Amino acid sequence: MAENPKYDLLLRGGRVICPASSIDGVRDLAIRDGRIAAVEETILPSSARETIDVSGKLVLPGMIDTHAHVYQYVTGRFGLNADMVGVRSGVTTVIDQGGPSCMTLPGFRHFVVEKAETQVYAFLSAYLVGGLEGHYYPNLYSPSGVDVDATVASASANTDIVRGIKGHAEIGGFARWGIKVLEMSAEIGRRADLPLYVHFGTLWNLPESGANGEDADTIMERVIPVLRPGDILAHPFTRHPGGFVNRHGEVHGVIRAALDRGLKVDVGHGSHFSYRVARKALAMSSMLALGIPLKDVVPMVTLHPAQILGLTDRLGALKPGYAADVSVLFDDHGRFVLRDNENNEVIAERLLRPVFCLRAGKRFNADAPILPQAVAA
């Protein structure tokens with residue numbers, strides 16, 4: 001090693017995939033002062049203070065989780081530790097979906113954003129109560145629980161961490177209040193000039209009076225005309241009524257037109273995701289198992305989330321000058337069993353597992369207890 005090495009850290013010999021830079025091949029990646037310094041076919045190990053051999057592994061821009069719930073202790077059982085689901089899971093950036101509200105955002109900033117090693121952003125809840133445990137207290141999410149002016153003001157004053165608005169369009173809410181709350185959420189997004197992220201799929205139980213003439217299969221058609229290009233349809237492959245696939249197993253006809261006019265889709269994996277529904281919705285990890293090639297999967301967790309955040313000038317790429325946010329993954333080949341919450345199984349011939357990540361050049365091993373264990377078929 002030279003007396004005054006040029007770089008602090010060198011990741012050597014991995015398969016670097018950076019869709020934003022059109023790179024897919026074996027490269028060396030050098031880091032200096034917490035930033036990407038160089039991505040080249042060969043960089044001398046002597047030029048760095050430390051070298052990590054990542055041969056046979058994938059080296060990606062720091063992965064971005066677009067649907068996290070990390071307002072720990074405030075949102076009850078839905079609020080997880082930001083670093084457990086973030087850097088300790090190989091993910092460098094997470095977006096909390098609807099945890100903080102205009103009333104609770106200061107606490108979210110102080111206790112989550114400023115304390116976490118992971119980079120944390122939020123889509124601000126359209127509701128005054130924020131996330132809480134809304135699954136169990138739906139009346140907190142009525143039109144009277146939305147303050148459009150206050151939420152617009154809060155979002156506009158905190159754009160360093162607030163990058164969108166979170167709302168819901170599902171049968172439990174529609175049976176109580178119709179489309180009113182969703183329209184108020186869309187107004188917040190328009191006035192704050194931020195994307196609206198819309199939860200689809202049943203969330204709340206029906207009221208005692210029943211569906212009150214509402215039909216989960218009509219919600220998608222009624223909501224999409226209210227949305228703007230850049231707004232996001234979440235949980236397309238939900239196992240619950242109200243997603244992309246109707247009760248007859250058919251994909252709603254409005255989906256293709258919605259995508260053509262610029263609406264976005266977020267899988268929002270977790271408890272809603274169903275392989276059964278996804279197979280029907282796709283005319284085409286779990287995305288790999290559904291037949292989507294790796295070259296299309298990588299942008300889903302790097303470049304595309306950065307675009308949703310409006311932060312492609314600093315996230316989602318391995319470009320010199322960007323923060324050294326890097327995810328390193330095992331690329332295992334074999335036969336692996338994947339299961340969803342309906343206990344549907346698929347056999348994957350490829351499994352991507354996090355090894356470690358760098359957040360602004362600092363290393364974190366992927367040791368989170370929530371990481372799933374591979375099950376060989």
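Entry 1. I noted that the model is a predicted one. Within this pairing, I recorded that Ile95 stands opposite Tyr121 in strand 8.

Entry 2. I found an open sheet formed by seven strands in the order 6-7-8-9-10-11-12, with parallel pairing. Its edges are strand 6 (63-68) and strand 12 (264-266), each of which pairs on one side only. I also noted that neighbouring strands of this sheet are turned against each other by 25° on average, direction ignored.

Entry 3. Next I asked which strands helix 3 lies across. I found that helix 3 lies across strand 8 and strand 9 (162-169), and that it runs at about 160° to strand 8.

Entry 4. Last, I examined helix 3 (residues 148-157) with helix 5 (residues 180-192). The two pack at an angle of about 40°, and their axes are 9 Å apart. Because of that angle, helix 3 is oblique to helix 5. I recorded the crossing of helix 3 and helix 5 as right-handed. On the side of helix 3, the contact is made by Val148, Asp149, Thr151, Val152, Ala155 and Ser156. Helix 5 contributes Met184, Glu187, Ile188, Arg191 and Ala192. Sorted by class, I counted six nonpolar, two polar and three charged residues in the contact of helix 3 with helix 5.

Methods: Residues are numbered from 1 along each chain as its sequence is written. This is a predicted model: local features need pLDDT of at least 70, side-chain atom pairs count only at pLDDT 80 or more; totals for chains, interfaces and linings use all residues. Side-chain values use heavy atoms; hydrogens and water are left out. Axes are lines fitted to C-alpha atoms, for helices over the stretch in contact, and angles run from 0 to 180 degrees between N-to-C directions. Helices (H or I, at least four residues) and strands (E, at least two) are DSSP runs, numbered from the N terminus. Angles under 35 degrees count as roughly parallel, over 145 as roughly antiparallel, 65 to 115 as roughly perpendicular and the rest as oblique. A crossing is left-handed if the near helix is turned anticlockwise from the far one by less than a right angle, and right-handed if clockwise. Contact means heavy atoms within 4.5 Å. Ala, Val, Leu, Ile, Met, Phe, Trp, Tyr, Cys and Pro count as nonpolar, Asp, Glu, Lys and Arg as charged, and the others, Gly among them, as polar. Two strands pair if DSSP finds at least two bridges between them.
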